[in-house]
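Open the model in your viewer and switch to a cartoon view. Keep the sequence panel at hand for making selections.

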Amino acid sequence: RGAFGVATLVREKDRGDGSHPGVLRVVKQIDLGQLTAAARREVHTEIQVLAQFSHPNIVTYTTAFLEAGTLHIVMEFADGGDLA
């Protein structure tokens with residue numbers, strides 16, 4: 001649980017053609033109804049910034065979607081390591 005939401009580890013569905021065998025992803029879920037207008041702008045900016053980055057040391061943004069008032073940001077799963 002973070003300042004804006006909850007991050008959940010998920011396994012992407014296998015497409016059945018062998019090209020995408022159930023890759024692990026992280027989905028950050030943010031309840032937009034609980035945020036102030038300023039916080040919603042910050043979340044929107046976060047998505048824009050993540051979408052622009054392409055660097056081996058930065059987690060890759062995959063997509064984002066809105067469902068029932070909750071924003072879902074799908075990102076690469078970074079296994080191992082330490083943020084400290």
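Start with K28, which sits in strand β2. Keep in mind that this is a predicted model.

Is K28 buried or exposed? Its relative accessibility is 18%. The cut-off for buried is under 20%, so K28 counts as buried.

The side chains of K28 and E46 make a polar contact at 3.1 Å.

Now bring up the other surroundings of K28. Setting aside neighbours within four places in sequence, K28 is in contact with V6, A7, E46, L71, H72, I73 and M75.

Then select helix α1, residues 37–52. Helix α1 packs on the sheet and touches β2, β3 and β4. The direction of α1 makes about 25 degrees with that of β4.

Finally, zoom out to the sheet. In what order do its strands lie? Reading across, the order is β1-β2-β4-β3. The sheet is open, has 4 strands and pairs antiparallel. Colour the edge strands: β1 covers 6–11 and β3 covers 61–67. Each of these pairs on one side only. Look across the strands to see the twist, which averages 25 degrees from one strand to the next.

Key. Residues are numbered from 1 along each chain as its sequence is written. This is a predicted model: local features need pLDDT of at least 70, side-chain atom pairs count only at pLDDT 80 or more; totals for chains, interfaces and linings use all residues. Side-chain values use heavy atoms; hydrogens and water are left out. Two strands pair if DSSP finds at least two bridges between them. Helices (H or I, at least four residues) and strands (E, at least two) are DSSP runs, numbered from the N terminus. Axes are lines fitted to C-alpha atoms, for helices over the stretch in contact, and angles run from 0 to 180 degrees between N-to-C directions. Contact means heavy atoms within 4.5 Å. Buried means under 20% relative accessible area, exposed over 50%, partly exposed in between (1.4 Å probe, protein chains only). A polar contact is a pair of N or O atoms within 3.5 Å; within protein, one must be able to donate a hydrogen and the other to accept it, and residues adjacent in sequence count only if both atoms are side-chain atoms.
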